[in-house]
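Here is a short report on one protein model. It covers selected contacts, the core, the salt bridges and the surface.

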Amino acid sequence: VMEYRNEGYLPEALNNYLVRLGWGHGDQEVFSRNEMIELFDLESVSRAASAFNHDKLLWLNHHYIRELPAENVAGYLAWHMQDQNINTNNGPSLESIVEMLGERCKTLKEMASASRYFFEDFEQFDESAVKKHFKAATVEPLKLVLQKLTALNAWNAHDIHQAIEQTAAELELGMGKVGMPLRVAVTGSGQSPSLDITLVGIGKNRTLARIQKAIDFIQARSN
């Protein structure tokens, strides 16, 4: 049981999976604890040997990450943050992390690892993302979006999204030409939740510093 905890599985998911090993109730796959107690009966237990299906357990775990209240999942996530030596004092709440990364991450171990850039600065940018999105021409949109983000009085998703859109419009670029380099600049890679929400979680000062770091990096690389 502790090994499944270590790998990032929720107790609700593991209980649900175990009760379905060799037992069923129609086509239902997801059972609350009360439903397990009320519906389970020995008559419906299969005589055939059960087969452990890791993919189904992973599917159930992802379901519970998305469907349980964020504060419940955050309580379990806290253990993994500590296990991976991530200091959560300097960043968004763990409830926010669950809400932002719940669609992407199938285990809490994966979620903790994927959230590190919200709490810590990174030393290097992902090399594949650099090759794809950090061209010399990227400096101009990064400088303009840095200027617009710096000028924001309120640091919220709506105003951040407006700043990114205005940058793309003024430079007559597609949103991807601004958004993807910006995503790599602030997260270190090409993967993250919605960019405006991501920047809110990272915070204004850290976001601005990372954009400037990316600009300096691209200019040094070009030279």
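## T107 and its surroundings

A polar atom of the T107 side chain lies 3.0 Å from the backbone nitrogen of E110. A polar contact here is a pair of N or O atoms within 3.5 Å; within protein, one must be able to donate a hydrogen and the other to accept it, and residues adjacent in sequence count only if both atoms are side-chain atoms. The model is predicted: local features need pLDDT of at least 70, side-chain atom pairs count only at pLDDT 80 or more, and totals for chains, interfaces and linings use all residues. Residues are numbered from 1 along each chain as its sequence is written, and side-chain values use heavy atoms, with hydrogens and water left out.

T107 sits in the loop between α6 and α7. Helices are DSSP runs (H or I, at least four residues), numbered from the N terminus. T107 has a relative accessible area of 10%, so it is buried. Buried means under 20% relative accessible area, exposed over 50%, and partly exposed in between (1.4 Å probe, protein chains only). Neighbours within four places in sequence aside, T107 is in contact with E7, G8, Y9, L58, N61 and I65. Contact means heavy atoms within 4.5 Å.

Which residues of helix α6 are buried? In this helix (residues 94-101), they are L94, I97, V98, M100 and L101. These buried residues pack against α4 (54-67), α5 (70-83), α7 (108-114), α8 (116-119) and α13 (195-202).

The largest nonpolar core has 58 residues. Such a core is a set of buried Ala, Val, Leu, Ile, Met, Phe, Trp, Tyr and Cys residues joined through side-chain atoms within 4.5 Å. L77, L149 and L182 touch the most other members. Leaving aside neighbours within four places in sequence, L149 is in contact with W155, I160, A163, L199, K204, T207, L208 and I211. In soluble globular proteins, nonpolar side chains tend to be buried together.

## Salt bridges

How many salt bridges does the structure hold? There are 8. A salt bridge is a side-chain nitrogen of Lys or Arg within 4 Å of a carboxyl oxygen of Asp or Glu. Side chains of opposite charge can pair when their charged atoms come close.

One of them joins K109 and E7, with the closest N and O atoms 3.5 Å apart. K109 lies in helix α7 and E7 in the loop between α1 (2-6) and α2 (11-19), so this pair ties together parts that are 102 residues apart in sequence. K109 is partly exposed at 36% relative accessible area, and E7 is partly exposed at 33%. E127 and R221 also meet in a salt bridge (3.2 Å, N to O). This pair links distant parts of the chain, 94 residues apart: E127 is in helix α9 (residues 127-133) and R221 in helix α14 (residues 204-222). E127 counts as partly exposed at 38% relative accessibility, as does R221 at 45%. E120 pairs with R116, the closest N and O atoms being 3.1 Å apart. R20, E29 and K56 are linked in a salt-bridge network.

P193 is in the loop between α12 and α13. It counts as buried because its relative accessibility is 6%. Not counting residues up to four places away in sequence, P193 touches M100, L101, R104, Y117, R183 and T198. P193 and E99 are 94 residues apart in sequence, yet 9.8 Å apart in space, C-alpha to C-alpha.

T138 is in the loop between α9 and α10 (139-150). T138 is buried, with a relative accessible area of 6%. Leaving aside neighbours within four places in sequence, T138 is in contact with H133, P181 and I218. G176 is in helix α12 (residues 175-187). G176 counts as partly exposed, at 44% relative accessibility.

## A nonpolar surface patch

F40, L42 and V45 form a nonpolar surface patch, with about 290 Å² of accessible area together. Patches are made of residues with over 30% relative accessible area and no salt bridge; like charges are joined within 9 Å, and nonpolar side chains (Val, Leu, Ile, Met, Phe, Trp, Tyr) within 5 Å. Accessible areas come from the Shrake-Rupley method with a 1.4 Å probe; for residues, only the protein chains shown count as cover. V45 is in the loop between α3 (33-39) and α4. V45 is partly exposed, with a relative accessible area of 34%.

Notes:
Helix = DSSP H or I, 4+ residues; strand = E, 2+ residues; numbered from the N terminus.
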